[in-house]
Amino acid sequence: MTTTLPAAQHVAAERCASCPKMCRGVCPTHEVTRNERHQPWGHAREDVAAERSSGVAGAGFAAEAVAESAFLCATCAACTVPCEVEGVETPDLVWAVRAAVWEAGAAPAAAVEAAAHAAAGLVLAADDPPRWVDPSETVGALAASSTPAAPLLLVPGCGALGRRPGAVRAAGQALAALGAPFRVGTPHVCCGAVARAAGDDVGARAAAAALLDGAREAGVETIAVQSPSCAVHLHREGGTAVVVPLARLLGELARSTERTTADAPARQAVAYHDPCMLARHLGAVDEPRSALRAAGHEVVELARTGPATRCSGRGGLLSLTNPRVAAGYLDLLASEVRATGAARVVTGCATCAAALEGALAGVVVEELAEAVAQAFASRGDA
Amino acid sequence: MADEGGLDAALVERLTEAVSGAASTAVADREAVAHDLWPYALIRDRGGRPLPPPGAVVWPSSAAEVAAVYRLCAASSIPVTPFGAGTGVCGAAVPVHGGVVLDLKRMDRIVDWDLEAGWVTVEPGILGQRLEDAAQARGWSLGHFPSSLPCSTVGGFVATRSAGQLSTRYGRIDDRLAGLRAVLSDGRHVHLRAQPATGAGPDLRRLFLGSEGAFGTVVEATLRLHPLPAARVDAAYALPSFAAGIAALREAMLAGLRPALVRLYDPDDTALQAGHLGLDAERLRGFSLLLTSCEGRRRVAEAEATELGDVCRAQGAEPLGDGPVRAWYPRRFSLAFELARYLPAPGAVIDTIEVAASWGRLSAVWQAVRTRLAHRLFTFCHLSHGYSDGACLYFTFVGGGTEEGATDLYAELWREAMDAVVGAGGTIAHHHGAGLARAAHLHAELGEGGVDVLRRLRRALDPAGIANPGVWEPVAL
């Protein structure tokens, strides 16, 4: 089978492979492995070579090394910050290469399994060993506090449902406390983000279309998505006008709550970690901080913050396909959090929160909705 | 029995042990270090004719591990090529004779700050940007800003004798290097302690500057920092000609002025830069644009900028304000991105060549190189890195022909440019090193005696002949 990249990604690969690796210093995979090929430049040159040898048995996108490279990336987009090469957006290239690898039948077993489990409505509760669970109980609890005909649909996403069910419940409490009635889709269906990360583009598009079309037909006006990677996927699949990351919505709602300043207790310092999907892919940097300030917190910044933030290593299925590299990402991030000296850290991603909790003994870790729900509920707003 | 990289399997096993398991003979890992960013190699890659990879890659974490790798390789006469970030543009890191690539990126620690002296000691694999960020966080700067700063290493700076964009004030890496540790190819260590200056015989630190792995590997460098300047005063000028700009800069340098930034673009380069810097290219047609920054204590920087302005005006310069310089800084590392955009096109040939000459010869070198290249490709040039006795000329050429003829065209252009520089009395390299690109012209540069000394040094320091044996030797790839 001859597999090639879409024209725009073919150009991107060629250009990236001709760059002096200007993004090397910010690529977390490279920072962990120090291997010259484990950075966008290295991946891109393998992609160019793969296209050249496509159609040769065991070569092209079926080659083991190409698949390995394609999945040695969390699609965290750190490389996009310093990159000025016209036409190069590395996550787009990675997703295109993974699709080619999937089409060539060479996707790693862990990625194929993840796509299958997600399509079956299961969510990942733990990485090592992978544990997939049915989230019906959490979704049911959330639905019990929802308003069926509300114009706002809350989509927790696989990450939040699997890794941190408490954050999902907190999302409902936070929205309620901030006066935003919401509805919930039951049972949980995957938006296709896992399939996209695995390379199953057909499955990814179909799942996103089903969710977006279903919501529109049901009269939903806004879809608040808690898991940033799901929001990224739905944005890419045409949902930009209706899909809003929950962290952004919480920030906007909290900011507009006039009572907060007067009611705020003595400010407590919390470190805030910008999830890569939220800050870089979706540009939601100010809103989570607004939410935290409205909740009475003083935000402590990490060394790498906003668009320069570090990835926790949970994105792009990295923790399933390359757990050791993902662990390296997490170590680097955890060190930065520790360096702040903060006793409490909040992040806008439930998956990141779950990972950080495991890496930061003695530090209280919360997902943003948990921090917001706790603050507003304690003021009698919930 | 040989492994897949052509090395003896037992040797690979011992090497792997020597670097605590951080070694690979996987084809993909070896291919990634088969060359640096020498455009000749990139053009070959583009045409599906990549250079052959080495037999293995090792990632030492300490000087002791580097020494162990050298000892093992020396015993088996296996070449060892140090590799930092692979951003060199002259092929110095190409493992021409295969063997082992010594990837130094795990040796990236900041070992010590001595801010009383203004020194920082680092391992060679640290990225320049990371070091600069760490220094600036302490109120200091290395003052070394090559356009590859975000992606190149201190080891590479030393190995190729790099210079940064502000070198006119802060010097090249030669001037920033206070001391070093190196491991020779027989595994022995050399420690040349950091000193402000020394008269104790020949300066052996300089032996390793520009050594490109031929004398062993620098495993630690102590570099001079300077306190972050309190002020920066920017000014741009339009000079009536490139020659007038050269005259102005000569006058300024001889007067003892040391602006941090000096970039004088020839008329063709001025036309290219104008749009990016908020200037009217049409109005500047035929002029040479000069960008300057003076740094330091505010009153000193302001006074220096005033003097510099007077010197420029005496050569007919028209002041253009500080806007063009302020627009330049955010784009200071952008050249790499332009190269990435153009190089993939079939048949495309693009590169930069940096040379230097004394003031009296600069115009002749500029004319000679342009005469040889400009009729074949679009060629433009800027002057930077000023000294009391001369400056660097930085040529860029871009164009192309057929894909089949691209490597030949590239090699021919380099040959022509080097011949032109030698003929006009310049030096063939300023700050990208010699590598493979300039190997054929080292004789013209150093003369018979110089080449002989270099060869003797090499034999003395590397009796096994394993220390990057391909570098500086003309080779048909």
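Which residue of chain B forms a salt bridge with Arg45(A), and how far apart are the closest N and O atoms? The partner is Asp45(B), with the closest N and O atoms 3.7 Å apart; a salt bridge here is a side-chain nitrogen of Lys or Arg within 4 Å of a carboxyl oxygen of Asp or Glu.

The model is a predicted one, in which local features need pLDDT of at least 70 and side-chain atom pairs count only at pLDDT 80 or more, while totals for chains, interfaces and linings use all residues. Residues are numbered from 1 along each chain as its sequence is written, chains are lettered from A and ligands numbered from 1 in the order in which they are written, and side-chain values use heavy atoms, with hydrogens and water left out.

Turning to the interface as a whole, the rule finds five salt bridges between chain A and chain B. It also finds 15 residue pairs in polar contact, both residues at pLDDT 80 or more (a pair of N or O atoms within 3.5 Å; within protein, one must be able to donate a hydrogen and the other to accept it, and residues adjacent in sequence count only if both atoms are side-chain atoms). On the chain A side, α1 (7–16), α2 (28–33) and α3 (40–52) each supply at least two residues, and the largest share, four residues, comes from α3(A). Helices (H or I, at least four residues) and strands (E, at least two) are DSSP runs, numbered from the N terminus. In total, 25 residues of chain A are in contact (heavy atoms within 4.5 Å) with 33 residues of chain B.

Chain A also holds an open sheet of four strands, in the order β8-β7-β9-β10 and with parallel pairing; two strands pair if DSSP finds at least two bridges between them. The edge strands, each pairing on one side only, are β8 (297–301) and β10 (364–367) of chain A. Within the sheet, β7 (268–273) and β9 (344–347) of chain A pair over three bridges, and His273(A) stands opposite Thr347(A) in β9(A).

Some backbone details are worth a look too. Most residues other than glycine have a negative phi, and most peptide bonds are trans. The bond joining Asp128(A) and Pro129(A) is cis, with omega about 0°, and Pro129(A) lies in the loop between β1 (123–126) and β2 (131–133) of chain A. Another cis bond runs from Thr186(A) to Pro187(A), with omega near -10°. Ala77(A), in the loop between α4 (64–70) and α5 (90–103) of chain A, has a positive phi near 70°.
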